Amino acid sequence: MAKRKPTVISQHCENTKAILELKVDRDILDFTGHFPSFALLPGVTQIDWVMYFAKQVLGVHQEFAGMEVIKFQQPILPDSLVSLELNWDKEHSKLQFKYFNQELVHASGKIKLGDSQ
């Protein structure tokens, strides 16, 4: 089976906030072909991981309904260590996220969630 998720090194969760330290393993399928001469983690994969970990760690079970703000500032490369911060605003059905390390922010944004039909 092809590997689609990073290795979780650690996680800390408090109510509606979580911080996960992730190892973005080189053998993740999503690196294949993106790009052959300079592999980087696709933005769609980063959003997929946000949704996955919001469900797994924060118990958010609403469905993706769109993005309000998103910035991909620095590429995430194979074998990178990154932190993923998630903040769930249940009242407004918004999930804020940030991928970062000690030096920089890789990506950040706000996702609108809605009830599944």
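# Questions on a predicted model

The structure, a predicted model, holds 9 salt bridges.

Reader: Which parts does the salt bridge between Lys-3 and Asp-27 tie together, and how many residues apart in sequence are they?
Author: The side chains of Lys-3 and Asp-27 meet in a salt bridge, at 3.8 Å from N to O. Lys-3 lies in the segment before β1, whereas Asp-27 lies in the loop between β2 and α1 (43-58). The pair therefore ties together parts whose separation in sequence is 24 residues.

Reader: Is Asp-27 buried or exposed?
Author: A residue counts as exposed when its relative accessible area is over 50%. Asp-27 has a relative accessible area of 53%, so Asp-27 is exposed.

Reader: In which strands do Lys-17 and Glu-85 lie, and how many residues apart in sequence are the parts that they tie together?
Author: The side chains of Lys-17 and Glu-85 form a salt bridge of 3.9 Å, N to O. Lys-17 belongs to strand β2 and Glu-85 to strand β4, so the pair links parts of the chain at a sequence separation of 68 residues.

Reader: Which residues do salt bridges that share partners join into one network?
Author: Arg-26 is exposed, with a relative accessible area of 54%, and Asp-79 is partly exposed at 33%. Both belong to a network of salt bridges that share partners. The residues joined in this network are Lys-3, Lys-23, Asp-25, Arg-26, Asp-27 and Asp-79.

Reader: Which strands stand at the edges of the sheet, each with a single partner strand?
Author: The open sheet has 6 strands with antiparallel pairing, in the order β1-β2-β4-β5-β6-β3. A strand with a single partner has one side left without a neighbour in the sheet. The strands in that position are β1 and β3 (63-72).

Reader: What does the twist average from one strand to the next?
Author: The strands of this open sheet pair in an antiparallel way. From one strand to the next, the twist averages 15°.

Reader: Which residue in β6 stands opposite Leu-95?
Author: Strands β5 and β6 (residues 105-114) run antiparallel and are joined by 7 bridges. The residue in β6 that faces Leu-95 is Ile-111.

Reader: Which residues is Ser-108 in contact with, leaving aside its neighbours within four places in sequence?
Author: Ser-108 is part of strand β6. Ser-108 counts as buried because its relative accessibility is 18%. Leaving aside neighbours within four places in sequence, its contacts are Val-69, Ile-70, Lys-71, Gln-73, Phe-97 and Lys-98.

Reader: Why is the pair of Tyr-52 and Phe-53 given the name it has?
Author: The structure holds 2 aromatic pairs. In the pair of Tyr-52 and Phe-53, the ring centres are 5.0 Å apart and the planes stand at 80°. Planes over 60 degrees apart count as edge-to-face, so this pair is edge-to-face.

Reader: How far apart are the ring centres of Phe-97 and Tyr-99?
Author: The planes of these two rings are at 70°, so the pair is edge-to-face. Phe-97 is buried at 3% relative accessibility, and Tyr-99 is buried at 0%. The distance between the ring centres of Phe-97 and Tyr-99 is 6.1 Å.

Reader: Over which ring does the charged end of Lys-98 sit?
Author: The charged end of Lys-98 is 4.9 Å from the centre of the ring. That ring belongs to Phe-100.

Reader: What is the phi of Ser-93?
Author: Most residues other than glycine have a negative phi. Ser-93 is in the loop between β4 (80-89) and β5 (94-100), and Ser-93 is buried, with a relative accessible area of 13%. Although Ser-93 is not a glycine, its phi is positive, at about 55°.

Conventions
Residues are numbered from 1 along each chain as its sequence is written. Side-chain values use heavy atoms; hydrogens and water are left out. Helices (H or I, at least four residues) and strands (E, at least two) are DSSP runs, numbered from the N terminus. Buried means under 20% relative accessible area, exposed over 50%, partly exposed in between (1.4 Å probe, protein chains only). Two strands pair if DSSP finds at least two bridges between them. Axes are lines fitted to C-alpha atoms, for helices over the stretch in contact, and angles run from 0 to 180 degrees between N-to-C directions. Rings of Phe, Tyr and Trp (its six-membered ring) pair if their centres lie within 6.5 Å; planes under 30 degrees apart count as stacked, over 60 as edge-to-face and the rest as tilted. A charge sits over a ring if NZ of Lys or CZ of Arg is within 6 Å of the ring centre and within 35 degrees of the ring normal. Contact means heavy atoms within 4.5 Å. A salt bridge is a side-chain nitrogen of Lys or Arg within 4 Å of a carboxyl oxygen of Asp or Glu.
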